[in-house]
Structure formats: C-alpha cells, structure tokens
Amino acid sequence: MGIETYSADDVTIQYNEVYETQKKAGGADHSGIDPDRATTKQLIQYNYVHGNGDGILICQFDFGDAIIRNNVIAQNERHPIYLHSDRSATARIYNNTIYNTISQQLIYGYGSSLDAKYDIANNVIHSTVANATLTTSPTITYRNNLYSGAALMIPAGDTKALVGDAGFVAPNVAGPFGTPASGPQLATALGYAVQSGSLGVNRSIDVPEAAPEDYAGREPVGPRDLGAIEYVSPEAATTESIAGFVTDASGRRIAGASVTATVNGQGRSATSDAAGWYRLAEVEFGDAVVAAEKPGYQGSPITVSVTKGTSSVADLPLQSTSNVGTVHGAVFDETGSPLAGATVEIRSGTVMAASTTTDATGTYRMETPIGEGYSVTATAGDRRAASATGVVVDPGGDTPVRALLLQPIEPTVLFADDMSGKPLGPFAGTGGYTVNPSGGSVSVVDVGDQRAAKITRTSTTGSTSVQRNYSEPLTGLVTVEARVMRNDASGSGGNWFSAPYIYGSDGKIAASVGFSKGKIIAYQGTQSTELQPYEPGKWYTITLQLDTVNQRLSLLIDGRRIFTDVGFRNPLTGGVARIEWYANSSNTGSLHFDDVRVLQGTDRDRNDAGIATLATDVAAAARSGNTWHAAVPAGTDHLRIAVIPTAAAVAGITIGGVPVQPGVESEPLALVEGTNTIPVVVTAEDGTTRQEYSVVVERGFLDADATLSKLSVTGSNLSPEFTSDTEEYAVELPSGSTSLTVIPTTTATQSELDVDGTSVQSGTGHALAVVDGQVVKIAVASADGTARTVYSLIVSVPAPPVTDPAPPARGVLSTTSGWAHGLHDGNFQVTMNLWWGTNARTFRLFENGVLIATVPLTADGVSAQNATVDISNRLNGTYAYTGELVNSAGSTATTTVAVKVADAAPGQPVVRVAGSGAQRTVVADLWWGTNASSYRIYDNGVLVAEGALAPSTPNAQHVETPLTMASGDHVVTAVFANHAGETLSKPLKVAVP
C-alpha cells in the first residue's frame, strides 16, 4: 500500500508520486492511494500514480466520501480505479487522466461495492486493451468522459461520451521517476498532456468541487479540458488549432465533410473523420472564417477567434438538402453465417416504406424517407422472422440496423444430458465434459428420483469445476440451459457457485449466473444484479440465450424471462468456447445440476403472449404498458389495427373480439366521437396463456371540427393532393381561363363554410372569377365557434401562346477571355448580341457541340437583344462556342467564336530562404499571374509544409513557412496548384553550415 487513510476526516493527499507498490505475502492490497474505512472529506488531487497493483482503491467501508480529481493514473497492472466501498459511501471522480496498456480493467467493482455512489465525469480514459472493463451499476454515473485507444464497452449512461484519439504529447513515459533523494518527479507525467486541438480540449462540463488549477498548477484558459492536464499554447506560438464536430440538424455527426479555415488570406483544410471530428492545425492568430461542406448538405460559415492561450473549439452544423436517408444491415442464419436472398422490409406502422433482398454476403441497403419509429423485419422461407424497432432515418444519413438472425422454427439440439446414464460416484470426464475436483469433489448422485451432478467444495485451493469446451466455438444464436439446485447452508464465508459461466475463445467471461447466500445473481452487461432468492432444495431451470453476432444476452429462470437483449459482461470473442459450473477461491459449499442442453438457436416460447408491434392505418399509436393510445380527427369514423406478436407462433389474436392473423389488418373498427377502447387479446401457442391489451383511440368531436374532408376544382387538380391538414394548394388553369369552380365538403355537416367571404353549401360547386396569381380563401368554422381553418388556393393562369412572325435574326458571339489582365486563364464570359431583327425568346449556348446554358429572352419586335454566360475553371485547350436563337417560328444559328485557354494553371512561384543557422523561413512568391488555391513546400524532395491559398488572379500570392534545416546541402522547391494543374518553382540550393 502506498498511501492509505483509515478512520480519518478532512485529509488532502496531493503532489505525490506513488509507484511500484508490492503485495505482501498473504496480502491482497497493493494500491497507490486508498481512502479506506470510515474516511470523510478525503481530497485526492495532483498525484502521479503509476506502476502499482491498483491505482486508486476507493475502499470506504461503513461510510465515507472522497473527491478524486486531476490525478494522472498510468500503467497500474490490476485496476487503475477500484470501486470497493459500502453502500453509504460516495466518491466524485473528476478530470483524471487514466492511461492503460496492460490491465483488463479500467474502472472496476463488484458485488455490494456497486451500491455505493460514484460520479465519474470529465476524465480521459485511454486503453490499448480492447474492451477493458468499465463497471456499471444504478449508482455509478458516467458523464462526459473521453474514451480513447482501443474499442471499449462505453457505459450506456454516458450520453455525452466522446470517443476518439486523446492525442497525448508523449505517452511512452520512461522516467525519470522519483527517488527518496529527488522527491516526486511529477513533471514526468506531463507526457500524458494532450496536444493542441485534442478531442478533450475545452470539453468539460460543470461539476461541483472542480479543481481551481490543473495537475501542472495552471488555471484553465477558457472552458476546462477533459483529463488532469490543461492544454496551454507554447509561449512562442503564432498559430493555434481549430477543432470540433461537424453535425446535422439532429446532432448526428457527419463524416467526410471538407472543413476550411481562412485567416488573413491564408487557408487550412481538413476532413472530418468517421466520428465527425476535424482538426485544423497551425491556423494563424486572428478571426478565422470556418466553413464545412459536403454534397447533400448546406451550411453557413462562422467566424472563430484564434488566439494564444488554448486551441479553439468550433462545432459546425450542416442542414441536409435531402428528404431521404438509407438504412443498412446484414441478415444471418442461426449459426451466424450470412443469409442471401432474405426479404427485408422497413415499415412505419403498417405502411411499408421500402423493401429489398440481401445479397450474397447477407447485407442490404435501402433508401427510405426520413422519419422515426421505423421497424425493419427480415424473413426467409419458413424461418422465424426477426425485427429491429425504433429505427431512425436522418436526412442524407446512413443508419446502421442491428444484425437480424433468422432461425428455423425448431432449434437444433447440439447436446443434451439428463445424467440418467451416468454411474453413481465420481463424475468421470467423459462425454465432452472436463472435470476438475481440485479443492473438493465432483460426483454423480441421486436426488430423490432423479440423477444429477454435484460439485462440492471444501477447501480454498484450486478450482472445483465441470466444463464443456468447444475447440470450434459455437456462433450465432446459442442456448445453454440446465437445472440447478443448492441444498447447503450459506454460512458466513464465501458461498459463490457459477451456474453457469460462459467464456469466449479469449478466455474472458461473457455471461455469468451465480448462486450465493440465498440469491441468484447475474451480470447484465457489466452490472452485477441480484435477481431473486433461491430456496434450498428447490430446482431452478437456468436458460441463457446468447447472440454472438449482436453480442447480446437474454436470461430465463423457469421459463420466465428475467432480462432480454442486454450486453455481455465482456465481449464474447470468437463464440461460445467454454461452459462452466464451478466454485473457486474462498467459496465453499455444494451445487447440483442436471438436464443440460445446448441448442443452436432458441426454443420457441410457447407461453409468450406478448406484442412486438401494434399499429393503426390512420394514426401513430404510443404504448404505455399494455395499452396503446392514439388520437384521430373528428372525421375519422373507423380504423384498422394490425398486431405482430413477439412469439414466432401464437394460438390466436382477436381485435375487437374478431380473430385476425399476425401482421394482418383487422376489418374496419367503428369509432364514436370521444374515447374508444378497443380490446386486443393474444393467446400464446400453448393455448392457455392469454394476455389482454387495449387500444384507446380519442376521436375529435364534430361540433368542434373546422376542417374539410374533400376539396376539388373543375377543370384542374390541386397540388399537392388534398388532405384535411394541408391548408395551401396550387391550381393551374388552362391558358386564358377567367373563372374557377371550387367544390368544398366539410368534415362535419354542421360546420359553417364560405369561399372568399361568400357563404356556400358543403359539397356543392361555387364559381368565381379569377386572374393569374389570385389567392382563393376557403374558410371553415366549427359549429361550436371554437375553431376556424382557412384553406388557400393559389391560382395560376398561363399567358396565351405567342406567335412570332419569323425565325430570329442571326446573333453574334464574342468573349472576354484575356480582357481583364491579359491572361487566358479559363475564366471569361461569352456574350451574344442580336443587333437588329426579329427577336428570339431563348438563347442556347453550346461548347464544343455540347449544350451548356439556356437563357430566356424577352422579345420586343426587332429591338436589340443580348445575353451573357459566365464560363469558369476551363483547363488549357481550345473551346469552340456556337449559339442558337429560338422563337415560336423556328431557330437560327449564331456566329461561332473560339477561345484558346493557355494560362489555367498557376504562374510559376519564386522560392527563397531567409534566416541563418538551422532556423530558416522558406518564402514562396507568385508575383503575377494565374493564382493558386494551394501550395506545397519541399526540402530535398520531402514535403515539409502545405496549405490553402485564396485565389485573386492576377494579384501576387505569398507564403512563408518556418523550417528547421539540418546542417548540409538542401534543395528547396515550391509547388503552386489549382484546379487546372500544378506549377513547380525553380529549385533553390541552400547550404546550411
């Protein structure tokens, strides 16, 4: 033990380096710092804790409270943070930097220690060990932490979690470390500081008792950073970073967006990564204009102040210009093998939005209108269907859907053993079992009239176990089931027996069920939960349903579903490699088990009378327990309901007392005004289990209704098609029309109706004079006077067709290429002039025979006409332009003009090197000519700098780049580039002494 407090109040532990603590013989603890039993007001801050067994052990038995903040906790071999307090203790763990490459645990606790309260916020948690444990429980709160390194099972409660590379300065710390003579070497831990533009900079949320300064003794510059050490700009800095997320309107992060920042004419660019994060480095101080772009999105630039002190954070929102997105996923069979040719449908309620079939790899992708609450269902032949619900489709987004596994109606039995054929006495390791009696015994016994295996543990050595091992791990949907019984006394010592544990091919425990001291306990994800008491001498059927593809787990006890579709304790790597019933360590007692079954797939739940989805054909229905609620307009006098049960097969479904088939809409169900309660009953496959549900539909009252049920016009159509809740429509009448007849029908016969202020009768035509652009108002007032709705018809009447006396006269083409500055740089205008003659109504311009522009013209007899088309970004080459003037009588070709583009690529930059010694500045100038949009600087052929330029042809462009040059001969070149190509400077030889 390094530093431990015990029965102590108001203690501050700070500025210590604690490392290489050792576990004494027969001992357990070898932690760096430990606020232990009955310790209150413990403040642990600014410490460097590394190379211990446990980093910080929070072991506040009885009671206690501690604040653990701004510590660097690195390379501790067992638990970087060990949660081990009693229920009445609290700990606040803020702004620490945790660095791990060796332990399978990051923040770990178990058992009753998970009843204490822990608030874990604003920490940088880095691990190169994939899926290192982050223990969860209802009393552990994770908030706004940065998870860095390998993939981790991020706690679901950390809704503001940041995931990505922390960007440490130099984390491969090798000393110097403190000695008795030198004292703590706290500065060594500054290698765990983050770099400019790190994901953690300026990202802390407010927490109580935040530290006044960071690990290095510096006050925060701007918002606090995550972790122990604040990023601060170097003293000599002239640039800083801008970083942030690119997001859509819903906050979803957008990958692949191009981000630019421009300050004083100098630009920087980057692309957002898979998590939507971008980082622009070395941006000059000043007000930067930052913008993000991606096809299918639009947004506005923002101004970001870049100053010395810390890097800038700028999250960039984009708005999608699309009204659709895509969903994608994969379908597998019960073994986890891809399933080709499966049908996949996505629905909103009962309405199908899209469908497709899986390809040879079992994958699918389909375009879908944006929306929420979609369900995706896969089917294939007589296999059981599988669904994913609650799918959200964002504008322009690509939504992943969990894997769907389709299994046969009946599972395949891979192994079954009721122990009846085994002889009494020691349990032999045959028939696929591996038996280890170390620390006790494993035997076959009779319990009443049935035979069972019995594990008895009498000492604390070894592990007393029965295993089933699979050299080829089981994958896909796997069921492990056995009956389990304990009839021994609990006693005061350890009493835990696994019943069973499931391991992956990496040896890690993925699923855990235990019997201990009268309780059945299991892990839901990383959280240990007491499920129910057990009675000595009573048998319990434990069923684990494992999904190795989605990494999910369900548990049933005696056929009763305890939890469904939760995460594994650790990822089930490779599949089910070992099933084990055992006890070890200080646990003693006995456990019986028999009727072992291992299935490929899952049993049908024949007493399942649940409902997976319920939908109506007219309105969304929201579920609350066993009741669904929906609201419909007053004019809806019936609806249909469809139900999909959770079970693959049921004995029957009734809706409103009438039998229906699963997923098939009922016959129309009549609705009265006000509240309607429709009964739904599902009878399970066993024919006896029955569950009653209800659908409560609130229909509006006709007296309070102010809507139309129908609206039409004679001689034309409404755009869009009429619906009661759409209030504005366009109506295009034939050319020359002067009148319009509208036929409005009210939803409620007693509603009042008028058209442009004239009272009309519902369902009858009303004629009125109209002109182009007129807006016709149709007003509906409810009978009770509480509501009024106005529908608008925007009328358009096209002008009569024109007749020209003759085809247009001939136009003349000219260009402005080279006019502005003598450069034929591919940016110019083509102008058409018709000096006199019959006018045209349209000008069409062709480039090398391809139509590139159509310009409408206003005809005015024989007056002059002209039109100009902007041409930009043409590459070097010759371009022939021809035109065509068109009116109702015909078309006439214009003259032809040719443009030779010779200056599209940038002019040649001139490079020079300023300064002396090793510290030089490379200067590249384009004094005059076609401008570049980017540059690159090379030293002896190696790229040393690059960036964006703001073109302003033909003005000069200037670049300066600081460069450290080693002693010797150097050849420096600059490349200026734009859309049309690249231009290389003449090489400059530089000798550095």
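**Labels and their grounds**

Modeller: Gln-75 is partly exposed, with a relative accessible area of 25%. The model is a predicted one.

Biologist: Why is Gln-75 called partly exposed?

Modeller: Buried means under 20% and exposed means over 50%. Gln-75 has a relative accessible area of 25%, so the label is partly exposed. Gln-75 sits in the loop between strand 9 (72-74) and strand 10. Its phi is positive, about 55°, although Gln-75 is not a glycine.

Biologist: Which other residue has a positive phi although it is not a glycine?

Modeller: Tyr-46, with a phi of about 60°. Tyr-46 is placed in the loop between strand 5 (39-45) and strand 6 (48-50).

Biologist: Is Tyr-46 buried or exposed, and how do you know?

Modeller: The relative accessible area of Tyr-46 is 2%. The limit for buried is under 20%, so Tyr-46 with its 2% is buried.

Biologist: What makes Asn-70 buried?

Modeller: Its relative accessible area is 6%. Buried means under 20%, therefore Asn-70 counts as buried. Asn-70 belongs to the loop between strand 8 (64-69) and strand 9.

Biologist: Which residues is Asn-70 in contact with, leaving aside its neighbours within four places in sequence?

Modeller: Among them are Gln-45, Tyr-46, Asn-47, Tyr-94, Asn-95 and Asn-96. The list also includes Ala-211, Glu-213, Asp-214, Tyr-215, Gly-227 and Ala-228. A contact here means heavy atoms within 4.5 Å.

Biologist: Which residues line the largest cavity?

Modeller: Asn-70 is one of them, and the lining also includes Asn-95, Ala-211, Glu-213, Asp-214, Gly-227 and Ala-228. Pro-220, Arg-224, Asp-225, Ile-229 and Glu-230 line the cavity as well. The lining divides into four nonpolar, three polar and five charged residues.

Biologist: Why is it called a cavity and not a pocket?

Modeller: A cavity is a set of points where a 1.4 Å probe fits but cannot get out, while a pocket is an open set. The search of the whole structure finds one cavity of 30 Å³ or more. The largest cavity has a volume of about 70 Å³.

Biologist: What volume does the second largest pocket have, and how many residues line it?

Modeller: The volume is about 1,300 Å³, and 42 residues form the lining. Tyr-108, Tyr-110, Gly-111, Trp-496 and Tyr-523 lie nearest the centre of this pocket.

Biologist: Which strand gives the most to the lining of the second largest pocket?

Modeller: Strand 48 does, with four residues. The strands that each supply at least two residues include strand 10 (79-83), strand 45 (497-503), strand 47 (519-524) and strand 52 (576-584). The lining divides into 16 nonpolar, 17 polar and nine charged residues.

Biologist: What makes the peptide bond from Ala-499 to Pro-500 cis?

Modeller: Its omega is near 0°. Pro-500 lies in strand 45. Another cis peptide bond joins Gly-175 and Pro-176, with omega about 5°. Pro-176 is in the loop between strand 19 (162-163) and strand 20 (239-247).

Biologist: How many helices and strands does the protein chain have?

Modeller: Zero helices and 88 strands. Of its 993 residues, 49% count as buried.

Definitions and conventions: Residues numbered from 1 in each chain as written. Predicted model: local features only at pLDDT ≥ 70, side-chain atom pairs only at ≥ 80, totals over all residues. Heavy atoms only, no water. 1 Å grid on protein atoms, 1.4 Å probe; cavity = no way out; pocket = protein on both sides within 12 Å on 5 of 7 lines; lining within 4 Å. Points joined across faces, edges and corners; volume = space filled by probe spheres on them. Nonpolar A, V, L, I, M, F, W, Y, C, P; charged D, E, K, R; others polar. Buried < 20%, exposed > 50% of the residue type's maximum accessible area, 1.4 Å probe, protein only.
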